[in-house]
Amino acid sequence: MTWIVWRQQRPVFITLVAGLAVAVAAILLLRAAMTADLTARNLLDCTVEGLESCRGRAANEFQSTWFDRLHLAQGTVLAAPALIGVFVGAPLFAREFEQGTHALAFTQSVSRTRWMATKFVVAALPPLVVVLVYQLVVHSWLDVAGQLGPLATGPFYFTTFDAQGVSPIAYTLFAYTLGMFAGAASKRTLVAMTLTLGLFVVARFVLSGVREFLITPTRTVSDDVVGPVLGERGPLVVRSGYLDARGAVIADPAPLMNCAGKADAQGVVDTAACYKTNGLTHAYVDFIPVSQATTLHLLEAAVFAGFAVLFVLGSAWAVRRQV
């Protein structure tokens, strides 16, 4: 049974491996060129120190040349799960039902559950490996740029967060099982591919908007009501605002920030003093620190894995009721 499924999926696997080989070769060439550029501009130390210590024409020109390319590479990691779901997951059962080849499998000694499980596992492992390898290669390129590349924006910037850790694998498993379920339920390849792409994009958009609620944020309070509250760079800010003298959150601070007519004899407004006089005693920020990025990766991956389990169960139901 495994050999039959392998033969059926072989053209897809060959395409995946060929695409991976081309992509990896291109990234390695670009990485070598970027490394040579860093060396020629004497910017190797800046990849660790960042622009704060290396402002100048050379650093700006380097970023103008490479920053968008690095972002594009992250974008391809984000697109990979959708492609796996559309071109591997969606046709997995839909093509069998559409062409009627499932009837032959159902007449054999192999049960429907084993047939479905074999197809699921054999077809899933190569795409997951391809995505993992590609993710690691892209990340190795980003590591070379260091603080002169997208990593300088912190681990919670959407392209960086979504393209690192276990997230790409979780997204791929989600997209693959979503496509598998859509194909098993609709029995039409084109319909399944369209549904998979549309639902995957919507689900990613919705779930990325609620990831900040998966973990309890840390609150930092400052007496400086006009200066920066956070000393750490790159955290995920959940909310911010002002507190009154009792420590209660001020729901609408806008009216209390009106300092018109509060200038001194020289026409200077002491904004901090004005805010505190109006009742804005403290400033606060609720945030998820950089150190908890891995935890958030795992929590979000667990959510996507849970949906993947539901899609697998739904696919099993659709296959078992197929005549």
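A word on conventions before you start. Residues count from 1 along each chain as its sequence is written, and side-chain values use heavy atoms, with hydrogens and water left out. Because this is a predicted model, local features need pLDDT of at least 70 and side-chain atom pairs count only at pLDDT 80 or more, while totals for chains, interfaces and linings use all residues.

**Exercise 1. Confidence**

Find where confidence is lowest and where it is highest in the protein chain.

Solution. Start with the scale: pLDDT is the predictor's confidence in each residue, from 0 to 100. The protein chain averages 87, and 90% of the residues score at least 70. Next, go to the helices (DSSP runs of H or I, at least four residues; strands are runs of E, at least two; both are numbered from the N terminus). The lowest confidence belongs to helix α4 (residues 102-106), with a mean of 55, and the highest to helix α7 (residues 167-186), at 95. Where pLDDT is low, the predicted coordinates should not be read in detail.

**Exercise 2. α3 and its two partners**

Describe how helix α3 (residues 57-99) is placed against α7, then against helix α8 (residues 189-208).

Solution. Axes are lines fitted to C-alpha atoms, for helices over the stretch in contact, and angles run from 0 to 180 degrees between N-to-C directions. Those of α3 and α7 come within 7 Å and cross at roughly 25 degrees. The two helices are therefore roughly parallel (under 35 degrees; over 145 is roughly antiparallel, 65 to 115 roughly perpendicular, the rest oblique). Their contact (heavy atoms within 4.5 Å) includes V77, P81 and F97 of α3 and P168, Y171 and A184 of α7. By class, it has 16 nonpolar, five polar and no charged residues (nonpolar: Ala, Val, Leu, Ile, Met, Phe, Trp, Tyr, Cys and Pro; charged: Asp, Glu, Lys and Arg; polar: the others, Gly among them).

For α3 and α8, the axes come within 8 Å and cross at roughly 150 degrees, which makes the pair roughly antiparallel. Among the contacting residues are R95 and E98 of α3 and F200 of α8. This contact has 11 nonpolar, three polar and two charged residues.

**Exercise 3. An oblique pair**

Which residues of helix α5 (residues 112-145) and helix α10 (residues 293-320) meet?

Solution. First the geometry: the axes come within 10 Å and cross at roughly 135 degrees, so α5 is oblique to α10. Then the residues: R112, T113, W115, M116 and F120 in α5 meet V312, S315, A316, V319 and R320 in α10. Sorted by class, six are nonpolar, two polar and two charged.
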